[in-house]
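Please open the model in your viewer and keep the selection tool at hand. The stops below take up a helix pair, a pocket and a sheet in turn.

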Amino acid sequence: MSTTNDSNTNSLPFLLTGIPGLEALHMWISIPFCFTYIMTLLGNSMVLLAVRLDKSLHEPMYYFISMLAVIDLIFSTAVVPKMLGVFWLDSRKIGFEACFVQMFFIHTFTAVESGVLLAMSFDRYIAICNPLRYSTILTSSRTIQIGLLSLARGAGVMTPLMCLLTSLPYCRTRVIPHSYCEHMAVVELACADPSVSDLYSLVVATLLVGTDSVFITFSYAMILRSVMRLPSQEARLKALRTCGSHVSIILLFYIGGLLSMYLQMFSFGLAPHVQVLVADFYLTVPPMLNPLIYGIKVKQIQEGIFKLLGWLAGL
């Protein structure tokens with residue numbers, strides 16, 4: 001009997017509050033989120049088109065940048081349209097299955113992005129520390145295989161977590177004090193012990209982020225060591241500029257992610273709407289900034305975008 005009741009309860013939708021305590025300001029709050037989403041769509045689409053149309057950009061580094069653009073597009077689209085629906089239309093209902101699908105996409109592509117950033121650090125390590133073997137080590141097919149492996153890893157570790165979470169009975173209030181189906185906010189609504197899923201998510205997050213960040217740090221330490229050995233200052237600056245955009249993206253991703261996670265775990269006396277806004281901006285701002293950073297710091301991407309704009313203007 002209880003199993004049937006749990007099943008019936010789990011078919012009910014959840015309710016998203018948006019920004020708790022700031023419901024009256026939702027229309028104004030939606031403006032920056034709408035702007036960042038439009039810029040995300042435009043910026044990442046232009047990067048993808050530039051790499052696709054300019055044959056000089058058909059190299060591993062630009063394939064990895066394209067992967068980041070695809071991740072950012074999926075990431076944002078999984079979150080922002082529903083968020084804007086809450087802000088604009090008060091469309092707070094989200095189905096039980098839809099809630100966990102959204103959560104799956106958020107966590108899976110966070111893991112995929114971490115894997116791609118690790119691959120990019122390896123790419124820069126080979127390009128700077130072992131340039132003569134670069135074209136033989138990182139072929140186009142191997143680059144695609146690395147991207148698919150990152151996707152498989154992300155989906156592989158997140159699928160068991162989603163199975164654990166969906167098997168829990170959610171028989172308390174259905175209100176999620178958030179703008180999207182944030183993991184910890186949803187788990188708090190369960191009326192059974194979520195310790196197994198909590199332990200699994202903690203172990204997976206620690207292993208993924210910890211392992212990736214250690215290897216990324218090691219790669220850039222070796223890069224810095226090699227750069228400092230270059231004979232001319234001009235060569236050193238050129239190598240550092242090449243890595244500058246990657247380091248900026250890495251810091252934005254990991255520092256923003258850790259800040260958002262810790263604010264969700266520990267309130268530090270902050271108001272709930274501050275915690276939610278930090279989490280929302282973490283999911284929406286980096287996908288907008290990533291193509292801007294590459295457009296500014298990577299000359300070839302910049303030139304490719306200018307060629308694309310020139311081609312579009314000539315239509």
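Angles between axes under 35 degrees count as roughly parallel, over 145 as roughly antiparallel, 65 to 115 as roughly perpendicular and the rest as oblique. The model is predicted, with local features needing pLDDT of at least 70 and side-chain atom pairs pLDDT 80 or more, while totals for chains, interfaces and linings use all residues. Residues are numbered from 1 along each chain as its sequence is written, and side-chain values use heavy atoms, without hydrogens and water.

Select helix 3 (residues 60–89) and helix 4 (residues 96–129), whose axes come within 10 Å and cross at roughly 160 degrees; these helices are therefore roughly antiparallel to each other. The axes are lines fitted to C-alpha atoms over the stretch in contact, with angles from 0 to 180 degrees between N-to-C directions, and helices (H or I, at least four residues) and strands (E, at least two) are DSSP runs numbered from the N terminus.

Next, select His-107, His-183, Met-184, Ala-205 and Met-261, which among the 37 lining residues are the closest to the centre of the largest pocket. Helix 4 is one of the elements that give two or more residues to this lining, as are helix 8 (195–228) and helix 9 (233–265).

Finally, display the open sheet, in which three strands lie in the order 2-1-3 with mixed pairing; strands pair if DSSP finds at least two bridges between them. Strand 2 (93–94) and strand 3 (175–176) are the edge strands. Strand 1 (residues 14–16) runs parallel to strand 3 and is joined to it by two bridges, and Leu-16 has Ile-176 as its bridge partner in strand 3.

Notes:
1 Å grid on protein atoms, 1.4 Å probe; cavity = no way out; pocket = protein on both sides within 12 Å on 5 of 7 lines; lining within 4 Å.
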